[in-house]
Amino acid sequence: MTYDVAVDGDGFGLAEAMDLAEAEDTVNLQDGTYEQALENVRDGESGNPITVVGGPGAIIKAQNSAGHSVFVGHSFIELKVAEVE
């Protein structure tokens, strides 16, 4: 499944998408400034990772309680930069 995340409320919220994402799912971050940290909540699987994709206009500004804007605490998570047209 693909979760399209947008800061304007059109689609999933960042935390909601990360909470729902499972092995083989993709979380697409649309352009905007996200006021919450990106944290995964479960492992993907070998060959079927959870993939998070964002372009240069997707900015994660907030921090979690440990001071991280992006925290990957599980296995088989991929962070990718979207291809710019």
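K80 is partly exposed, with a relative accessible area of 45%; here buried means under 20% relative accessible area, exposed over 50%, and partly exposed in between, using a 1.4 Å probe and protein chains only. The structure is a predicted model, in which local features need pLDDT of at least 70 and side-chain atom pairs count only at pLDDT 80 or more, while totals for chains, interfaces and linings use all residues. Residues are numbered from 1 along each chain as its sequence is written, and side-chain values use heavy atoms, with hydrogens and water left out.

K80 forms a salt bridge with E78, and the closest N and O atoms lie 3.6 Å apart. A salt bridge is defined as a side-chain nitrogen of Lys or Arg within 4 Å of a carboxyl oxygen of Asp or Glu, and by this rule the count comes to one. E78 is itself partly exposed, at a relative accessible area of 32%. From E78 to N48 the distance is 9.9 Å, C-alpha to C-alpha, although 30 residues separate them in sequence. N48 sits in the loop between strand 4 (38-39) and strand 5 and counts as partly exposed, at 26% relative accessibility. Strands (E, at least two residues) and helices (H or I, at least four) are DSSP runs, numbered from the N terminus.

Four strands form an open sheet in the order 1-2-5-8, with parallel pairing; two strands pair if DSSP finds at least two bridges between them. Strand 1 and strand 8 stand at the edges with a single partner strand each, so one side of each is left without a neighbour in the sheet. On average, neighbouring strands of this sheet are turned by 15 degrees against each other, direction ignored; the axes behind such angles are lines fitted to C-alpha atoms.

Strand 1 (residues 2-5) pairs with strand 2 (residues 26-29) in the parallel sense over four bridges, and V5 stands opposite L29 in strand 2. Strand 1 has a covered face, Y3 and V5, and an uncovered one, T2 and D4. Strand 2 also pairs in the parallel sense with strand 5 (residues 50-54), over four bridges, where V52 is the bridge partner of V27.

Terms used: Axes fitted to C-alpha atoms, helices over the stretch in contact; angles between N-to-C directions.
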